[in-house]
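New page in my notebook.

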Amino acid sequence: MSFRHYLHRPPSVTAAEAIELVGQGALVVDVRRDFEWRRVHIPGSVHLPLEQLPRRISELPEERLIIAFCTGGLRSAGAANLLVENGFEAVNMSRGLVEWRAAGGALTS
C-alpha cells in the first residue's frame, strides 16, 4: 500500500450504521495486526492485516459491501481506499473499535 491511499477520505459509516449493514449482509474486514485480532474482534469478521491486503485482495468477495475496520479508523481508511480503487464496494468504519464498542457491537476474544 502506498501513502496515497491515506490522502483521500474514503466513504465511511458510523459503527451504528456498520452494525445495521452487517445485518444486511455486509462483510467486516479487520485490518489490524495479529496480536490485536487475538485480543478481541468482531464475530464473523475476516482478519486480513493491512500489510497483507494488497496481495490477498482477491480472497474477498466482490458481490458484498466491505466494511474496513481497525482500532481507530486510520488504517482502515487506507484499506477502504485500496479496496475501492480495486473495484470493490467498500467503506471505512470511522473511529473503529472505539465506536463499535460504544454502539454496543458484539465482540469476541
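Where is R33 found? I looked, and R33 is in the loop between β2 (27–30) and α2 (34–39). Helices here are DSSP runs of H or I with at least four residues, strands are runs of E with at least two, and both are numbered from the N terminus.

A note on what I'm using: this is a predicted model, where local features need pLDDT of at least 70, side-chain atom pairs count only at pLDDT 80 or more, and totals for chains, interfaces and linings use all residues. Residues are numbered from 1 along each chain as its sequence is written, and side-chain values use heavy atoms, with hydrogens and water left out.

Next I checked the cover on R33. R33 is partly exposed, with a relative accessible area of 47%; buried would be under 20% and exposed over 50%, using a 1.4 Å probe and protein chains only.

Then its partners. Setting aside neighbours within four places in sequence, R33 touches H47 and R75, where contact means heavy atoms within 4.5 Å. I also looked up A77: it sits 44 residues from R33 in sequence and 15 Å away in space, C-alpha to C-alpha.

Zooming out, I found five helices and five strands. Along the sequence they run β-α-β-α-β-α-β-α-β-α.

Two last entries on the whole protein. Buried residues make up 48% of its 109 residues. Of the contacts with a separation of 6 or more, 68% come from residues 24 or more positions apart.
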